[in-house]
Each structure stands twice: as C-alpha cells, then as structure tokens.
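Let's take a walk through this model together, one region at a time. Please keep the viewer open as you read.

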Amino acid sequence: MTAADSAPTAPMARERARTIAAAFSPRHPFGNRHDYYYSRSKLGSDPLYPGACEALRGSTAPLLDIGCGLGLLAHALRADGIDLPYRGVDNDRGKIARAGAAARDLPGVTFEHVDLAAPDFPLASLGHRGSVAILDVLQFIPPDAQDRTLDAAIAMLAPGARLVIRTGLDDGGTRARVTRAVDVLSKLLGWMNAGPTRYPDADALRARFDGAGLVSEFTPLYGKTPFNNWRVVARKPG
C-alpha cells in the first residue's frame, strides 16, 4: 500500500482530549499544569493518536511502545476501546514517572525506563513478543541505534502483529525542513532531551521490511500541520 491509502488525519475530539488530559492534572491546586496543557493540546491538534489507534484496532497482541514519553498512546487506546496489554519504555526518567502516575487507573498498562540510545542495551532483553509502536522517536536516536531498534522491533513481531511508526521522512521537501527546524527547537527549549540525528529514508525502510517478509504501508499523517510526518505500518503475515 502507498501514500494514497486512506488513514485518519483528524486530531482527537476536543472533549476526549480534555478527558484524557485530566489524568495529568496536578493533585495540588497550585501544582505544575504543564503536562495537562501539553497533553490536551497534543491530543487535540495532532492526528498521531487517532492514526496509531486505527493501525492497532483489531489486534489483541501485547504492545511495546518504544519511546513512550508521557504514555499518551495508552490513554488514547483505552479511550478508543482498544484493550490490548500495553508496556511503555522511554529514556526520560521524569516522563516515565509522570506517565505511571497519570495511568494509575488504566488496567494492563506499565512503564519502564530504558536508554534506547545506549550502544550496549539489547532491546531483545525486554522479552517482548507482539506489536511494537515507535512514535516520533527514530529521528532522535543515532543512526546505529535506529538500525538496532528497527531490527529488534521486527524480531519482536508475532504473526499478525503490527509495527507502527510515526516519523519524519528524509525526502528533501519543505515539510522535511520545517520538521527538522521544529525538532531542533524542541531540544533547545528543553521539551525533548535529544535533537534530531537522521530522518529515515522511505525506500530504505521499505527494503528493510521487504527483506524481513513484512507487508508495509506508508501514509501521510501530518493533517493540517506543516510537518513531514508519516505513519508507517508493517505487518507480519499470519
């Protein structure tokens, strides 16, 4: 399947985004509300989560969310009635702690600190078998770590499971340049703890999936944003 294939491009409904964001509200009235406003804005403006939910709908395979951040995907899945077991890992200890606190009422959801960029960390040691999500992560880790992460994710796929990726693609266009500029700015502002390194090439990704016997599809997932974001879904037949 190609970019012409349809996929959700609308952000999450405002009321649902507001409901999910409430889980990130501080317990104290004068507490920090940054995560609340960030999650509400992100869910209400970015087509990422409806697109990821659509890609995973119908699957019961356990999901490993690599680079989960605050764990918004777990909330989006549950709000969409998708109850597959969820495990989120990220290299930001602070986000992992806040993700766990916000998801305390979500059944079947766990979080763990993992340094994906560490050259000596084997993802295979996580012992996962099922589906894998890698959302807005690949461009922030070194090229060799990208390759290791993709190979490990492919090896984790069970028959019928899905590898769901959202990433900017290196196609040389205006959207690609805007994406890089905003990713660099996010690092400077401190929201991301790493800047962009290498954006994946679509043909190289297709070749990797073909070589592993996977069926893949690439769909634009930038909605009304100026970014060159794509949803990539690779499935293991069976």
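Which residues of α4 are buried? In this predicted model, local features need pLDDT of at least 70 and side-chain atom pairs count only at pLDDT 80 or more, while totals for chains, interfaces and linings use all residues. Residues are numbered from 1 along each chain as its sequence is written, and side-chain values use heavy atoms, with hydrogens and water left out.

Back to α4: Leu72, Leu73, Ala74, His75, Ala76, Leu77 and Arg78 are buried, where buried means under 20% relative accessible area, exposed over 50%, and partly exposed in between (1.4 Å probe, protein chains only). Helix α4 spans residues 72–79, and because 7 of its 8 residues are buried, it is largely enclosed by the rest of the structure. Helices here are DSSP runs of H or I with at least four residues, strands are runs of E with at least two, and both are numbered from the N terminus. After α4 comes Gly81, which has a positive phi near 80°.

The loop between α4 and β2 also holds a charged partner. The side chains of Asp80 and Arg57 meet in a salt bridge, with N to O at 2.1 Å; the term stands for a side-chain nitrogen of Lys or Arg within 4 Å of a carboxyl oxygen of Asp or Glu. This pair links distant parts of the chain, 23 residues apart, with Arg57 in the loop between α3 (48–56) and β1 and Asp80 in the loop between α4 and β2 (86–90). Arg57 counts as partly exposed because its relative accessibility is 36%, and Asp80 is partly exposed at 26%. Both belong to a network of salt bridges that links Arg16, Glu54, Arg57 and Asp80. Across the whole structure, a search finds 17 salt bridges.

Strand β1 brings a contrast. Asp65 lies in this strand; Asp65 is buried yet has no salt bridge, and the nearest side chain of opposite charge, Arg78, is 11 Å away. (Lys and Arg count as positive, Asp and Glu as negative; His and the chain ends are not counted.) Beyond neighbours within four places in sequence, the contacts of Asp65 include Leu73, Tyr86 and Ala133, contact being heavy atoms within 4.5 Å.

Next, look at Asp136, in the loop between β4 and α6. Asp136 has a positive phi of about 55° although it is not a glycine. Most residues other than glycine have a negative phi. Asp136 forms a salt bridge with Arg166, the closest N and O atoms being 2.6 Å apart. Arg166 sits in strand β5, 30 residues from Asp136, and counts as buried because its relative accessibility is 2%.
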